[in-house]
Amino acid sequence: MDCSLMLAVQVREWGSAPEFREVPNPVPTGHELLLRVDAAGLCGSDLHVMSSSAETFDYDLPLTLGHEVAGTVVSAGPSADPSWIGRAVVVHGIWSCGTCPNCLRGRENYCRSLARRPDGRLAPIGNGLGYPGGIAELMLVPSERVLVPIGDLDPLGAAPLADAALTAYHAIRTNSAVIDDRSNVVVIGVGGLGHLALQILRTMRVPHIIAIDSKAEAGALAESSGAHKFYDSVSAAAQRVESPNGADLVLDFVGAPTTTAPAADLLRSGGSLVVVGSAGGRLTAGKDVGLAAGWTVDAPFWGTRADLEAVVALAQDGLLRAEITTFPFTDAISAYDRLRDGSVTGRAVLDMSASRTRKESHQ
């Protein structure tokens, strides 16, 4: 076995399934740090990338997937801080410029260098989304600026914190003005993100948390995650939303035609609709379309490094735990198939400790 090579899961051609490939071990230069990847989450965004075309993303191929990454720092570039070596970390997947107005405001998830290109294509964002990701034995990060220590957290449970939990937390934090001990909050979609949003709302002592999911089996997960009531549709919830007169905050983690527009009708005066999912839902916004007075519609993106630190702290305190289904690294391709057909419970996470000696069976 050539020790200068590692195994990685890559998209080689747009519109095609990913493949296991042997690629050179990365070597850190400058401020870069090298991680041994311990766990990597799979995400619907990966499916979107691999099924897209060159007109969608300004990404070079082949591309190693993986933007939910927990690992251990094993090497540092000559200009990097060597004290990070040996630390267990989770990676903030937004590799921002650090100097634009939004970055200087602490809103690096809206970094201007990550904006859509003039030709309409999406710019590289971070690991697995334009830059080599973490579904590989080793991964480079540009600097310690994108790392958050996780201490003794299990890397399998920590990996989903980098996206699923971070996205949910950011969506809630940026709408915290309508969250207090009198709030009614509705969470649509009790999946990989929604069940974490319910847990976060529970830590905020929200008195009325309503969960909605079309899958009846999601009710048990909703209840264990913090929901006070569960309904199988927006219309069913609309008839029973806690009085008086609607919801202060609706978090739509589905974003489908059956959720987004109907969800707006749940709002009370001054309420906010936050659309996180991207399943084709549309909303007609205007002051004359019958929405509650003073409504707000928000479509947040991912989260900041400070948000990730907060999420890790919640997990370390035992207040946030991702429901996961684990797969060995060597089963990554079939795990993506499971993710695509919707048969994964919670978040799919790869255990990257699987032996490299089994890789031949996947070539």
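Thr-304 is buried, with a relative accessibility of 3% (buried means under 20% relative accessible area, exposed over 50%, and partly exposed in between, with a 1.4 Å probe and protein chains only). The structure is a predicted model, in which local features need pLDDT of at least 70 and side-chain atom pairs count only at pLDDT 80 or more, whereas totals for chains, interfaces and linings use all residues. Residues are numbered from 1 along each chain as its sequence is written, and side-chain values use heavy atoms, with hydrogens and water left out.

The pLDDT, the predictor's confidence in each residue on a scale from 0 to 100, averages 92 over the protein, and 95% of the residues score at least 70. Over residues 355–363 the pLDDT stays under 50, and the model has 18 contacts beyond four places in sequence for this segment (contact means heavy atoms within 4.5 Å). Where pLDDT is low, the predicted coordinates should not be read in detail.

Thr-304 is placed in the loop between strand S16 (296–298) and helix H9 (305–316). Helices (H or I, at least four residues) and strands (E, at least two) are DSSP runs numbered from the N terminus. With neighbours within four places in sequence set aside, the contacts of Thr-304 are His-92, Gly-106, Arg-107, Glu-108, Asn-109, Leu-166, His-170 and Arg-173.

The structure contains 13 salt bridges, each defined as a side-chain nitrogen of Lys or Arg within 4 Å of a carboxyl oxygen of Asp or Glu. A network of salt bridges links Asp-58, Arg-117, Asp-119 and Arg-121.

Arg-182 forms salt bridges with Asp-180, at 2.9 Å between the closest N and O atoms, and with Asp-181, at 3.2 Å from N to O. Arg-182 is exposed, with a relative accessible area of 58%, and Asp-181 is exposed at 55%, whereas Asp-180 is partly exposed at 28%.

An open sheet of 3 strands has the order S2-S1-S4 and antiparallel pairing; two strands pair if DSSP finds at least two bridges between them. Strands S2 (19–24) and S4 (63–64) are the edge strands, each pairing on one side only. Strand S1 (residues 5–11) runs antiparallel to S4 and is joined to S4 by 2 bridges. Gln-10 has Thr-64 in S4 as its bridge partner.

The count of aromatic pairs is 5 (rings of Phe, Tyr and Trp, the last by its six-membered ring, pair if their centres lie within 6.5 Å; planes under 30 degrees apart count as stacked, over 60 as edge-to-face and the rest as tilted). One aromatic cluster consists of Trp-14, Phe-57 and Tyr-59. Arg-87 lies over the face of Trp-84, 4.5 Å from the ring centre; for such a placement, NZ of Lys or CZ of Arg must be within 6 Å of the ring centre and within 35 degrees of the ring normal.
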